[in-house]
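Biologist: Before I rely on any label attached to this chain, I would like to hear what stands behind it. Could we go through the terms one at a time?

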Amino acid sequence: MDRQTRVLLVTTQVCFGVFPILGKLALEAFEPRAVLVWRLFAAALVMLALAFARHGRAALPAAGDLGALLVLSLLGVMVNQLLFLEGLQRSTAVNAGLLMSVIPVATLGVAVLLGHERLTLRRQAGMLLSTAGVAWLFLHRGADVGGRTRTGDLLLTANALSYSTYLVLAKPVLRRLPQLVVVAWLFALAALIVPWFALDVDWAPGAAGRRHWLALGGVLLFPTLLAYLLNTIVLARTRASTTAAYVLLQPFVSATLALLWLGERPEPAIWPTAACVVAGLWLVSLPARPAPPLSA
């Protein structure tokens, strides 16, 4: 892997890692559904423009693909992003960053359940480690992590499972359509549907000050537009397992910025979870050993 690809990988994870902090600031004034509507409109407009600029008429999906795209949009954009924002509002930026690193492990679990991948002993150990770490986060008593943030943490975990299912189900569609076209239509379909369920929410609340609008702008720029575009480039250059390994950067970016910008200090109870999730993700992301050659 060349240096440019490494820089793109790190930059992508930083863009995703700032989401919990910028989102937390924006949610001080905006409702989660309002933030989601802004994200969908911005991403749909930019992604569709780029898709048509690059692929021309080929950016129009066939009628037979619309059903699959709608299901993927539901799992990968609508439900996924709403669960994240609702969970973030009820949890901390540190917890959100940590729980997002569960996605590669959960993706493997879904792929195994659907028969798309094989479960080796090492991968099984990694999944069990990560699961044990997340279970500790919810079962711990008396600490802030396990108390008032439990509902938010459960929503964030459900978000990770929704996105993991999307990643597995998206593979057949991505074999037929360019990735930029798929991502553009996922946002476009969501932008046509979700706003109807957010009409009771003020999309431009009077309580929103300059810092809230700047935070919202940061959400639109970094974890929405830049992260998705860079991720498209990265996935075309490297293996999915390598990309998954770099997800380990997200919780550390989120935790560092949460301390600097929000004054959030991780509770001691979160460290066992972090250790288990990191170790589990490392085991899952290791490349498979080549099969031994057959003897003559």
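Predicted model: local features only at pLDDT ≥ 70, side-chain atom pairs only at ≥ 80, totals over all residues.

Modeller: The mean pLDDT of the chain is 83, and 84% of its residues reach 70 or more, pLDDT being the predictor's confidence in each residue, from 0 to 100. Over residues 291-296 the value is below 50, and this stretch has zero contacts in the model beyond near neighbours in sequence. Residues are numbered from 1 along each chain as its sequence is written, and side-chain values use heavy atoms, with hydrogens and water left out.

Biologist: How many helices and strands does the secondary structure of the chain come to?

Modeller: There are 13 helices and zero strands, where helices (H or I, at least four residues) and strands (E, at least two) are DSSP runs numbered from the N terminus.

Biologist: Why is Thr-12 called buried?

Modeller: Thr-12, which is found in helix H1 (residues 3-17), has a relative accessible area of 1%. Buried means under 20% relative accessible area, exposed over 50%, and partly exposed in between, with a 1.4 Å probe and protein chains only, so Thr-12 at 1% counts as buried. Leaving aside neighbours within four places in sequence, Thr-12 is in contact (heavy atoms within 4.5 Å) with Ala-227, Leu-230, Asn-231 and Val-234.

Biologist: Why does Ser-164 count as buried, and what does Ser-164 touch?

Modeller: Ser-164 lies in helix H8 (residues 150-176), and the relative accessibility of Ser-164 is 0%, so the label of buried applies. Not counting residues up to four places away in sequence, Ser-164 touches Ile-103, Ala-106, Thr-107 and Val-110. The C-alpha atoms of Ser-164 and Ala-111 are separated by 8.8 Å, although these residues are 53 apart along the chain.

Biologist: What makes helix H2 mostly covered?

Modeller: In helix H2 (residues 19-26), eight of its eight residues are buried, and Lys-24 is among them, as are Phe-19 and Gly-23. For the chain, buried residues make up 52% of the 296 residues.

Biologist: Which residues touch the most other members of the largest nonpolar core?

Modeller: Of the 66 residues in that core, they are Leu-40, Leu-69, Phe-84 and Phe-187. Helix H9 (residues 179-193) supplies the largest share of this core, twelve residues. A nonpolar core is a set of buried Ala, Val, Leu, Ile, Met, Phe, Trp, Tyr and Cys residues joined through side-chain atoms within 4.5 Å. Beyond its neighbours within four places in sequence, Leu-69 has contacts that include Pro-61, Val-182, Trp-185 and Leu-189.

Biologist: Which residues make the nonpolar surface patch, and why is Val-71 called partly exposed?

Modeller: The patch, of about 380 Å², is made by Val-71, Leu-113, Leu-114 and Leu-169. Val-71, found in helix H4 (residues 63-90), has a relative accessible area of 42%, and is therefore partly exposed. Patches are made of residues with over 30% relative accessible area and no salt bridge, like charges being joined within 9 Å and nonpolar side chains (Val, Leu, Ile, Met, Phe, Trp, Tyr) within 5 Å. A salt bridge is a side-chain nitrogen of Lys or Arg within 4 Å of a carboxyl oxygen of Asp or Glu.

Terms used. Areas by Shrake-Rupley, 256 points an atom, 1.4 Å probe, with all protein chains shown as cover.
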